Amino acid sequence: MSDQTTTPAGGSTGSIRRSSRATSRKPKKSQIPKGISALLVIIAIGIALMILVSERVSFFWFTGIAFGFILQRARFCFTAAMRDPYLTGGTSLSKAVLTAFAVTSIGFWAIKYGAFTRGLPIPGQGFIAPISLATAVGAFLFGIGMVIAGGCASGTLMRVGEGFQMQLISIFFFVVGSLLGARHFGWWKLNVMLCGRAVFLPDVLGWFGAIVVQLLVIALLWIAADKYAKRKGADSAH
Amino acid sequence: MLKKFSESIAKNDYYKAWLKDAWPYLTGAILLSVFQIVTIAVTGNPWGVSAVLANWGAWIFEAVGGSVDKWYYFSSSAARETLANGPLRDPGTMRNLGIAAGALFSALIASGFKVKKLKSWRQVIAAVIGGLLMGYGARIGFGCNIGALYSGIASLSLSGWVYGVFMFFGAIVGSRLLVKYFM
Amino acid sequence: MKEEMLDCLGEACPVPLVKAQKALEKLDAGDILIVQIDHSCAMKNVPEWAREAGHNVEIEEVDDGEWEVVIEKVK
């Protein structure tokens with residue numbers, strides 16, 4: 001990807017001449033020893049969960065670590081992917097999210113199709129949710145919330161780990177909001193969701209049709225995002 | 001010894017590329033996909049985040065004397081079992097805590113961790129409103145940006161695409177509100 | 001030649017980027033904008049935007065988890 005920027009790790013060489021500079025610059029303290037200790041604690045918790053609770057819980061713990069680590073390392077942000085095209089004109093994260101959709105789709109498709117051809121139950125079908133007005137309202141509210149709070153569900157958890165006090169508040173109210181949503185869920189189910197239908201694309205387009213159409217749609221969106229950013233960039237230059 | 005070791009690590013080129021500098025977004029996209037596929041292959045379900053947060057809510061609510069016994073949302077036998085087992089034995093809870101712990105480790109090993117204190121009341125209000133909207137939206141929309149959007153689309157469910165479209169509109173409205181009231 | 005400090009410490013995305021875009025608009029070519037950030041994501045998207053817009057960019061690691069993005073407006 002040509003639009004990636006690499007960032008220098010340490011202090012810069014300083015080819016831009018600037019007059020003011022933070023005067024009392026204290027020497028940086030390396031956090032690497034703390035990082036190594038954190039890793040040891042993480043592994044210890046994983047082993048403890050494996051022995052005391054179950055292998056399954058331990059597995060979830062370690063995949064959580066992997067997701068958090070990857071999100072933080074790559075500064076991956078679903079909120080920015082949705083928000084930046086409108087707010088700042090940037091689409092590099094939108095394109096990255098689309099790439100993730102495409103790659104994951106191929107993997108999921110293979111696992112599901114493999115199970116289907118061997119007559120096994122297809123995994124993960126609980127995530128084929130019914131489409132109703134509740135989907136639209138829920139997604140719309142979620143979209144507003146994540147931009148205001150500065151992070152989605154995974155992003156908020158990640159930012160709590162990064163030391164944001166603000167996100168500690170938003171995760172608490174995320175929990176409160178979830179509880180409210182769960183409280184009202186019965187009403188939504190009865191009045192709205194029951195009118196909706198779950199659509200599993202292979203049921204409509206066939207197994208091969210579904211993955212081909214899905215990848216095509218993702219590719220078109222990717223191209224649109226790319227062109228949009230270039231046009232926006234050209235506009236702001238004038 | 002640990003100090004010397006970490007000093008030599010800090011100068012290592014591979015350390016800089018892998019653990020210090022930010023990865024390209026593309027690397028993140030590929031690795032997230034790998035772990036999504038690992039997750040569905042091993043556990044039979046893709047990655048989800050926000051359903052767990054409703055369980056956290058139920059545990060907190062019951063800890064302060066409330067009861068969710070009669071709530072439709074928690075009426076299935078699976079939901080009851082999860083609630084009865086408690087957070088320590090809930091895989092999803094451990095995965096969510098793992099996300100925060102993994103990010104903490106990532107920030108520390110890059111020598112980039114800092115506690116970011118609250119700056120203003122406006123941040124508090126934004127966090128409260130944003131959090132409430134996300135929580136409520138995620139429950140009635142069958143998930144968040146991970147479970148409903150990412151895992152939904154990857155599971156070849158049309159609901160994921162519908163979710164994405166409306167989330168995009170929400171993000172536009174959210175951006176306007178943010179610029180107007182929260183900046 | 002003006003030099004402006006923009007304090008975005010404690011701000012999460014997208015606040016630093018939007019503030020930086022607004023601040024840079026008011027400056028003239030040759031002026032320098034220094035954005036102080038402590039949010040690792042902003043440390044990536046602020047320089048990315050500024051470079052794409054054609055400005056000179058430098059990042060200074062001021063402290064653990066704290067950076068200054070120095071942007072020299074080109075045009």
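Tutor: A word on confidence comes first: pLDDT is the predictor's confidence in each residue, on a scale from 0 to 100, and helices (H or I, at least four residues) and strands (E, at least two) are DSSP runs numbered from the N terminus. This is a predicted model, in which local features need pLDDT of at least 70 and side-chain atom pairs count only at pLDDT 80 or more, while totals for chains, interfaces and linings use all residues. Residues are numbered from 1 along each chain as its sequence is written, chains are lettered from A and ligands numbered from 1 in the order in which they are written, and side-chain values use heavy atoms, leaving out hydrogens and water.

Chain A has an average pLDDT of 90, with 88% of its residues scoring at least 70. Among the elements of chain A, the highest mean, 98, belongs to helix α8 (residues 201–205), and the lowest, 90, to helix α9 (residues 207–237). Residues 1–13 of chain A, by contrast, have a pLDDT below 50, although this stretch still makes 32 contacts (heavy atoms within 4.5 Å) beyond near neighbours in sequence in the model.

Turning to the partner, chain A brings 122 residues to its contact with chain B, and chain B brings 129. The size of an interface is often given as the accessible area lost when the parts come together. Here the area buried between chain A and chain B (accessible area, 1.4 Å probe, that the two lose on being put together, summed over both) is about 11,900 Å², and carbon and sulfur atoms give 80% of that area. Phe67(A), Arg73(A) and Phe127(A) together supply 7% of what chain A buries against chain B, which is more than any other three residues supply.

On the side of chain A that touches chain B, helix α7 (residues 165–191) of chain A gives the largest share, 21 residues. Sorted by class, that side has 80 nonpolar, 32 polar and 10 charged residues.

Technical notes: Nonpolar A, V, L, I, M, F, W, Y, C, P; charged D, E, K, R; others polar.
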